[in-house]
Amino acid sequence: MQPKPTRRPPTWHQRAGKPVRVWFGLIILAGIFHRYLPDSRWLLVHLFTLGAVTNSVVVWSQHFTEGFLGSPLPESRRRTQLIRIYVLNLGIVAAIVGVLADWWHVTVSGSVIIGAAVAWHGVGLLQQISAAKGGWNRAGVWFYVGSAFLLPVGAGFGAALAYGFTDTTQAGFLLAHQAMNLLGFLGLAAAGTLLIVYPRLLRAEVPGRGRALPALGILLAGIAAATAGALLDSPNTAAAGVGAYLAGWLLVALPMMRLALRDLPQHLPRGYAAMSVTAALLWLLGSLTALTTVLATGPLLPERLAPLTVPFIVGFAAQLLLGIMTQLLPNLMGGQAAVIAVGVREMDRWATWRIVVINGGLLMWLLPLPSWTRVGVSALVMVAFVAFLPIMIRSARATLAARRAAVAPKPTGPASMSTPIPTPMMAAPADPAPARRSPALQATAALACLALVAALGTAISAPAPLDAANGAVATGETTQVDVVAKDMRFMPAEIEVPVGNRLVINVTNADDQVHDLVLETGQSTGRLGPGQSRQLDAGVIGRDVDGWCSIVGHRQQGMVFQVRAEGQDPANSAAAPGPHHSATGADSINSHAVTTALNSAPAPEFQARDAALAPAPGGTTHQYTFDITEVPGEFAPGLEQVLWTYNGAAGGPTLRGELGDVFEVTLVNNGTMGHSIDFHAGMVNPDTNMRTINPGESLVYTFRAEHTGIWLYHCSTKPMSVHIAAGMFGAVIIDPPGLAPVDAEYLLQQSEAYLGPQRGEIDADKVAAKTPDLVMFNGYANQYLYRPLTAKVGDRIRIWLLDVGPNLTTSFHVVGAQFDTVYKEGAYLLRPDNALHGASQALDLTPAQGGFVELEFTEPGSYSFVSHIMSDAEKGAAGKIVVTE
């Protein structure tokens, strides 16, 4: 019986590589749930650069250093290296958490730990150079040493950026941060590795290494000059530095390019590793050329640097990392060359499809595509990147299986086969399996996927309904302007463009809530979070064009924008259409539809909002969570609108307590725009508690009940009238001391609906004009006509009332009954023991006022209740109380 092969313990490389896999997993999760995460764009970039890239560079530089020097480290020193990896990741977690939570000291601590851990790694590399007796490529290790000692400086710049500087210095620190981290830490490590590895990926001899150290000197000089220019706000100096850095990379890359071109069919990149690294080199050289041009031709501004982020991060860094890992990971698994070839072959699955999708998608993303096309292309590129993970897992399993088979004792043959052959530094790429030799088919499939996404995105994106050119002859010139959204205004709000010029608008949201810019010709920036920027191509301008923020109510608050066509034909100006009436540019629900709905019974399964009011819960502290959502709903049968809600309904949860009770409400914004909350029942600092929070953010609002009454709460984000009318309101009831017991209590909150297009959002113009389509109790017109409240003869009933508004008053009346108790705004106006035996017929309230009435019914019957502003009752502010024996 043959002995069962024993499982070898994981190598240092395998254990050190685990954080890389964890960070990739976090990147995928963050990409899926980015909508719900704070600062999602910053988070995704730094999960990749700080998490995945930093760990990968540390691991691969250690691996290649041992190969270059020909002196593997003894196992006794591996423990120290693992501790260094753990310390590094502790610092990365601290830095990311510190920025997201706005904990400055944690951010600084994390940056210091990251810098110290990587510098420690650099010291370890120096010690290995000193201890090595020989080595065939010491020059490559010096690239790694330079890389390691630049990251601590870049981490310091990153901490400075996280702390926040004025707009005049932020661009300089941003460029200095990128120069040290991308060009320095990653770039130098990549250059040192590719001097040796890239020729092997092309199946070519490694060229002479006489240019390595001169290239390193040029690269370091370029980084120093670019950083100095950035910090001194000298674009020309920075441009010269980046140009020198580009020259250093050309010195590294040109010999390799000559090798590839010398015998193109033989050295054509094959396999994912070679193709991905080649693409990364091309993106790097192109991005460096573009950056040099940008710096040499204009001021040092963040918006001028922002378009290069994707080419550097995705085109260069991501593809370089995955290319190196594709070839390196099977080698790190250990085993014979044939075993490694099995893993490499698995890593090459769908190589051509992935490369074409990633690079074709990036090229498309740089073009002025419709928004939905950009979304689709981004998603497809993400799929191509994410495919690396399951392929990596499959490769690991195949490599392990091949290694076990290789070391298993054979029935005949020498026992020496059970001893693994030492792993080479980097095995040559394996030829693809015959069944997978279909690069042309894969490339065709990739191009078809990109074309399909482009076609679907174009079809979904709203076509421009109007022509901004209006027959004007294009001049071939472009007018580019910068527009800032802040304080419910666009600045500038009006620009002039010569007729025939193409207009490009760079829009930056400098406000604390979400905005966008939409032109009447159909172009839009899409939603911009605080601090985000986007470019809008308005096309050729031949007439005046109006623009606005499309978030409901923002336009009415003054977020309007106008393009003035300079030198236009007066006839064109007169023919130019005016702005749309509604906030969405679509027709609102008409009066006939409203009348039909008010005279229609709801569906049999309709459940009215429960008006019955529960007594105050026990205890003195009450905790709630309010989830802000924007959901479809109805205001009346067939009248469907998008509701903005606390916990999913027009009219949020009712809070009830007694004097001195403490309420703690956690507000979570799961919507698509900024929202907030204002509890009239609390006396608190509005700046802290009522501030607007953006999508994915939350706050805790705590107040103490100091006075009795029924109090309104509502969204206090501008325009408040729109947010209230869309459903963001509710009641807090603080019982007066000695409140008499009754047989039943009900709560009625009167509000108004201003209907926009069917299944769209409410019409902010109607809100501003105070012309509601519906007036309702508890968020649904006439619901208590069809689902009446109930009582019995002789029962004492208390009805709490709150006028939500946002615009109309109410005069609450019950037909056939009188109120013997009236309580309004914290005081009794009438009690049963009134000496004059008086009674009340109506309780009048203005918006944000509340109270209650009490009554008894002496006979059975159906008693209507209405707002006695009868036109409002006819718009839905009506219901019934069915009284039985």
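Of the 15 residues of helix α15, 12 are buried, so the helix is largely enclosed by the rest of the structure. This is a predicted model, and everything below is read from its coordinates. Helix α15 covers residues 351-365. From its first C-alpha to its last it reaches 21 Å, close to the 21 Å expected at 1.5 Å a residue. Its buried residues are Ala-351, Thr-352, Trp-353, Arg-354, Ile-355, Val-357, Ile-358, Asn-359, Gly-360, Gly-361, Leu-362 and Met-364.

Helix α18 gives another case. It runs over residues 439-460, and its 22 residues should span 32 Å at 1.5 Å a residue; the end C-alpha atoms are 31 Å apart, which agrees. In α18 the residues Gln-442, Ala-446, Leu-450, Val-453, Ala-454 and Gly-457 are buried. These residues cover an arc of only 110° around the axis, so they lie on the same side of α18. Ala-440, Leu-441, Thr-444, Leu-452 and Ala-459 are exposed, on the other side of the helix.

The model has 24 aromatic pairs. One of them joins Phe-490 and Phe-561, with 6.2 Å between the centres and 70° between the planes, an edge-to-face arrangement. Phe-490 belongs to strand β2 (residues 489-491) and Phe-561 to strand β8 (residues 560-566), so this pair ties together parts that are 71 residues apart in sequence. Both Phe-490 and Phe-561 are buried. A tilted pair is formed by Phe-857 and Tyr-863, at 4.6 Å centre to centre and 50° between the planes. Phe-857 has a relative accessible area of 2% and is buried. Tyr-863, at 10% relative accessibility, also falls under the 20% limit and counts as buried.

Aromatic residues also gather in a group: Phe-626, Tyr-646, Phe-663, Phe-679, Tyr-701, Phe-703 and Tyr-713 form one aromatic cluster. Rings take part in contacts with charged side chains as well. The charged end of Arg-555 sits over the ring of Trp-548, 4.0 Å from the ring centre. Arg-831 lies over the face of Tyr-828, with a distance of 3.7 Å to the ring centre.

Salt bridges come next, and the structure holds 19 of them. In one, Arg-564 is paired with Asp-544, and the closest N and O atoms are 3.2 Å apart. This pair links distant parts of the chain, since Arg-564 lies in strand β8 and Asp-544 in the loop between β6 (533-540) and β7 (545-548), 20 residues apart. Strand β8 is also the strand that holds Phe-561.

Another salt bridge joins the side chains of Glu-706 and Arg-704, at 2.9 Å from N to O. Glu-706 is partly exposed, with a relative accessible area of 35%. Arg-704 is partly exposed too, with a relative accessible area of 42%.

The last topic is cysteine. How many disulfides does the model contain? With two sulfur atoms within 2.5 Å as the criterion, the count comes to zero. Cys-549 is buried, at 1% relative accessibility. Cys-715 is buried as well, at 0% relative accessibility.

Key: Residues are numbered from 1 along each chain as its sequence is written. This is a predicted model: local features need pLDDT of at least 70, side-chain atom pairs count only at pLDDT 80 or more; totals for chains, interfaces and linings use all residues. Side-chain values use heavy atoms; hydrogens and water are left out. Buried means under 20% relative accessible area, exposed over 50%, partly exposed in between (1.4 Å probe, protein chains only). Rings of Phe, Tyr and Trp (its six-membered ring) pair if their centres lie within 6.5 Å; planes under 30 degrees apart count as stacked, over 60 as edge-to-face and the rest as tilted. Helices (H or I, at least four residues) and strands (E, at least two) are DSSP runs, numbered from the N terminus. A charge sits over a ring if NZ of Lys or CZ of Arg is within 6 Å of the ring centre and within 35 degrees of the ring normal. The expected span of a helix is 1.5 Å times one less than its number of residues. The arc is that of the directions from the helix axis to the C-beta atoms. A salt bridge is a side-chain nitrogen of Lys or Arg within 4 Å of a carboxyl oxygen of Asp or Glu.
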